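Subject: Structure handover

Hello,

Here is the structure I promised to pass on. Please open it alongside this note.

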Amino acid sequence: VWLHGNASSRVAALDVLAVCLRSGMTVFGFDFAGSGLSEGEHVSLGFYEREDLAAVMAHLRADDRVGTIGLWGHSMGAATALLHGDRDPSIAGMVLDSPFASLPQLAHEMVALAQSQGFRVPGFVVSGAMKMVRNTILKRAHFDIMDLTPIKNVDRSFIPALFAHAEGDDFIKPHHTRELHERYAGDKNIILFPGDHNSRRPSFFLHSAAIFLQNTLQVSEELHLPDPEANLGDSALSR
C-alpha cells in the first residue's frame, strides 16, 4: 500500500510501481482525505490519515485475492504508517521514507531555518503564532498538532521496518529518521542516500526496499520478473 506525502496524491506511487511489480507485488495507491481526488477539507499530516489507512486495510483484507500486506510511505505517508502501525501488528513490513518524529519539533526547526536565512522573528512572536495555529486547527479540524508525534508510538510497534532518508533533506532533517529508528521496537534497518526531501530516489534504495518487502511479505520467487536494468548490465559486460 503506497502512502503519499503532503501536497501529493496516489500518482506518486508511479515512482515505486515498476520495482514492486518486478518483485511480484501488486501496488494499491489511494488519495488521503483532502488530497488528490478524495473529498475532505483538511489534511491533518497523519492524525486523520491513519483512519483512512485503517479503512483501506479493512477493505483489502475483505478481498480474498489479497495476501500479506506491506506499507511504503513517504513523508506524511511514512508518519501515518508509524501512527497506525502499533494498532495493526498484522502488517508484514513497512518502508518509511523521510518521516517526521514530532510535528511541533519540525515546526520549530522550520522557523530556525528561516531565521538562519535572514528572516528575523522574535521568539515571543513565534510562540504566539504557534499557539494561534494550534488553536485554529483545534477549532476547525478538531485535532491537536501536539499529538502528531510518531516518536511516541515507535516503542510499541514490532512490524519489521526499513527506515530511509535523503542526507540533504533540509525540510525534514535526517535526524528525525535516525531518532525514530533508534527507538523503534521491532526489527529495523536504515538507509541514507544522496538527495533532498522530494528528489528522485536512487535505484539502489528502490531495489533494497523491494527486496525488504519481498522478504517480509514472503513473495514467491515464481512471481519475480527479470530486471531489465540488470539485463542491460549483463549485455554490456558480455561485450
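Predicted model: local features only at pLDDT ≥ 70, side-chain atom pairs only at ≥ 80, totals over all residues.

Residues are numbered from 1 along each chain as its sequence is written, and side-chain values use heavy atoms, without hydrogens and water.

Five strands form an open sheet in the order 1-2-3-4-5, with parallel pairing. Strand 1 (2-3) and strand 5 (188-193) are at the edges; each has a single partner strand, so one side of each lacks a neighbour in the sheet. Strands are DSSP runs of E, at least two residues; helices are runs of H or I, at least four; both are numbered from the N terminus. Two strands pair if DSSP finds at least two bridges between them. Strand 3 (residues 93-97) and strand 4 pair over four bridges, in the parallel sense. M94 stands opposite A161 in strand 4.

**Two loop residues.** V121 is in the loop between helix 4 (103-116) and helix 5 (123-140). N153 is in the loop between helix 5 and strand 4 (161-166). Buried or partly exposed? The cut-offs are under 20% relative accessible area for buried, over 50% for exposed, and partly exposed in between (1.4 Å probe, protein chains only). V121 counts as partly exposed because its relative accessibility is 35%. N153 counts as buried, at 10% relative accessibility. N153 touches L82, L83 and D86 (heavy atoms within 4.5 Å), not counting residues up to four places away in sequence.

Best wishes
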